[in-house]
Amino acid sequence: MRPLPAVLLAVALLQPVVALDEQVQSAVQRQRSPVLDRVMQAATELGRRDLVAGVLLGVAILDPVAGPAVARLTIVGLAGTNLVVEGLKWTVNRPRPDGERKRSNSSFPSSHAASGVCVAWIFARRWPRLAWGWWALALVVAWSRIYLNRHYLSDVVCGIAVGLVCTALVLRVKALDPRAGGRLGPRTTEQAPPP
């Protein structure tokens, strides 16, 4: 296939996605309120790299059984996820819904959504009773990016997909699995094997 027809086909296939993105953006922006603005700004701040690093340091210190392994696994997962996200941002170079046009910080895909999914999945493996909370928090952070007019719906959906795929690949690397030498799962009382 020659390049021009391939580009035209891609544009034709993406048109419904772009239309949906614009409809969702318009609907969400019409519903904004000062109170929800503050809530969503606080949610989006949870995705800051320095805050995530602080949480991982806290996990490593406060959970001496598996915390260091969880933190290490999360760092590797986030590194892989963000490499893919930043590569896509640079390649696609989609302007943000608020009009910002900066190739190094373009709209597609959402790094907040991708990173949130990565952290939620790994933390849910360690603390399964809190899994619903980790996933809910990741989704609120992802939604905050649409609400604050920093991403389109498709940016967030693709960010979530990138986070899921990259985290799944990292979790398959046995050398990174802390369960090989210790437990990543919930704490249980270990019973001695029968004599």
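Tutor: Start with burial. Buried means under 20% relative accessible area, exposed means over 50%, and partly exposed is in between (1.4 Å probe, protein chains only). By that rule Asp21 is buried, because its relative accessible area is 3%.

Student: Where does the model come from?

Tutor: This is a predicted model: local features need pLDDT of at least 70, side-chain atom pairs count only at pLDDT 80 or more, and totals for chains, interfaces and linings use all residues. Residues are numbered from 1 along each chain as its sequence is written, and side-chain values use heavy atoms, with hydrogens and water left out.

Student: What does Asp21 pair with in a salt bridge?

Tutor: Arg94, with the closest N and O atoms 2.8 Å apart. A salt bridge is a side-chain nitrogen of Lys or Arg within 4 Å of a carboxyl oxygen of Asp or Glu. This pair links distant parts of the chain: Asp21 is in helix α1 (residues 3–30), Arg94 is in the loop between α4 and α5, and they are 73 residues apart. Helices here are DSSP runs of H or I, at least four residues, while strands are runs of E, at least two; both are numbered from the N terminus.

Student: Is Arg94 buried or exposed?

Tutor: Buried, because its relative accessibility is 17%. Asp21 and Arg94 also belong to a salt-bridge network with Asp155.

Student: How many salt bridges are there by this rule?

Tutor: Nine. Another one joins Glu86 and Arg49, with the closest N and O atoms 3.7 Å apart. That pair connects helix α4 to helix α3, across 37 residues. Glu86 is partly exposed at 29%, and Arg49 is exposed at 59%.

Student: New topic. How many helices and strands does the protein have?

Tutor: Seven helices and zero strands.

Student: What about α7? How many residues does it have?

Tutor: Helix α7 (residues 153–172) has 20 residues. It reaches 29 Å from its first C-alpha to its last, close to the 28 Å expected. The expected span is 1.5 Å times one less than the number of residues. Its buried residues include Asp155, Val156 and Gly159.

Student: Which residues touch the most other members in the largest nonpolar core?

Tutor: Leu56, Val70, Leu73, Leu78, Ile122 and Phe123, out of 13 residues. α3, α4 (67–92), α5 (111–126) and α7 each supply at least two residues of this core. A nonpolar core is a set of buried Ala, Val, Leu, Ile, Met, Phe, Trp, Tyr and Cys residues joined through side-chain atoms within 4.5 Å. In soluble globular proteins, nonpolar side chains tend to be buried together.

Student: And what does Leu56 contact?

Tutor: Leaving aside neighbours within four places in sequence, Leu56 contacts Ala71, Thr74, Ile75, Leu78 and Phe123. Contact means heavy atoms within 4.5 Å.

Student: Which peptide bond is cis?

Tutor: The one from Phe108 to Pro109, with omega near -10°. Pro109 is in the loop between α4 and α5.

Student: What is phi like at Asn93 and Asn149?

Tutor: Positive. Asn93 has phi near 55°, and Asn149 has about 65°. Most residues other than glycine have a negative phi, and most peptide bonds are trans.

Student: Where are those two, and are they buried or partly exposed?

Tutor: Asn93 is in the loop between α4 and α5, and is partly exposed at 31%. Asn149 lies in the loop between α6 (131–147) and α7, and counts as buried at 13%.
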